[in-house]
Amino acid sequence: MAVLVGNWKMYKTLDQAEAFIDQIAPIAKESGNKIMLAVPYTAIKTLVERAKGTNIVIGAQNMNDASEGAFTGEVAALMLKDVGAEFVLLGHSERRQLFGETNAFINRKVHRALESGIMPLLCVGETYEERQGNQTEEVLKTQLTECLAGCDAKSLMVAYEPIWAIGTGLAATPQMAAEAMKVCRTFVGDTVPLLYGGSVNSENAKSFLENKEINGLLIGSASLTADSFAKIISLK
Ligand code: PGA
């Protein structure tokens, strides 16, 4: 059984989101995999209700580290919990690169999510330059050490997403992903799912899942159309 997580990013109106769930639900039921969708805030409540009775788990793509307060435009963990989100992506490279999120900030969010009963899906990964400079292992170790500081690293998931592979069509090889998983595994318990993300599609998904180090996938663009997501979640 693989953990297959779709990340919709800033895509889909409510109508589009509902249509997607309706299309995917019967296929998800037949799939032996764990299926999760990180959706825009605006769709969480509706999709949680729509996905009841299916095995699709709904989550968020971000949250603030504070419990509540005067933080215009931000969303708190308890608000996500309140509308039924079961997990949250934290430290996605788009948040790190475009919105300046640091490991320390992400660490505070991981703590807040855990204490709020929402499972964090922590994303880590190196840039192209860091890989070229043989710094991948060191970068991953720093991200994991700092993002997981003081956390009970058992009730979460980790995604290795090399930045050069995200949205580029240039996926890492399963071998590269498996090497990164070995580094990640030393930071988390044996049961924590380790996922690969970065240009996963219906053609290459199986090659990652065949590797026993890789417990699942984090899927961006290929999770946007029901047809391609259906092919991935149907993999045995
Ligand atoms: P991608 O995105 O599958 O479109 O490369 C993955 C991600 O950003 O999580």
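Contact here means heavy atoms within 4.5 Å, and helices (H or I, at least four residues) and strands (E, at least two) are DSSP runs numbered from the N terminus. The structure is a predicted model, in which local features need pLDDT of at least 70 and side-chain atom pairs count only at pLDDT 80 or more, while totals for chains, interfaces and linings use all residues. Residues are numbered from 1 along each chain as its sequence is written, and side-chain values use heavy atoms, with hydrogens and water left out.

In this model, Leu-14, Ala-17, Glu-18, Ile-21 and Asp-22 of helix 1 meet Thr-42, Ala-43, Thr-46, Leu-47 and Arg-50 of helix 2. By class, this contact of helix 1 with helix 2 has five nonpolar, two polar and three charged residues, where Ala, Val, Leu, Ile, Met, Phe, Trp, Tyr, Cys and Pro count as nonpolar, Asp, Glu, Lys and Arg as charged, and the others, Gly among them, as polar. The axes of helix 1 (residues 14–30) and helix 2 (residues 41–50) come within 10 Å and cross at roughly 30 degrees, the axes being lines fitted to C-alpha atoms, for helices over the stretch in contact, with angles from 0 to 180 degrees between N-to-C directions.

Eight strands form an open sheet in the order 3-2-1-8-7-6-5-4, with parallel pairing; two strands pair if DSSP finds at least two bridges between them. Because strand 3 (56–59) and strand 4 stand at the edges, each with a single partner strand, one side of each is left without a neighbour in the sheet. Neighbouring strands of this sheet are turned by 25 degrees against each other on average, direction ignored.

Strand 1 (residues 3–7) and strand 2 (residues 34–38) run parallel and are joined by five bridges, with Gly-6 standing opposite Leu-37 in strand 2.

## Strand 5 and its partners

Strand 5 (residues 119–124) is mostly covered, since five of its six residues are buried, that is, under 20% relative accessible area, with exposed being over 50% and partly exposed in between (1.4 Å probe, protein chains only). Strand 5 pairs in the parallel sense over four bridges with strand 4 (residues 87–90), where Val-88 stands opposite Pro-120. Strand 5 also pairs in the parallel sense over four bridges with strand 6 (residues 157–160), in which Met-157 is the bridge partner of Leu-121.
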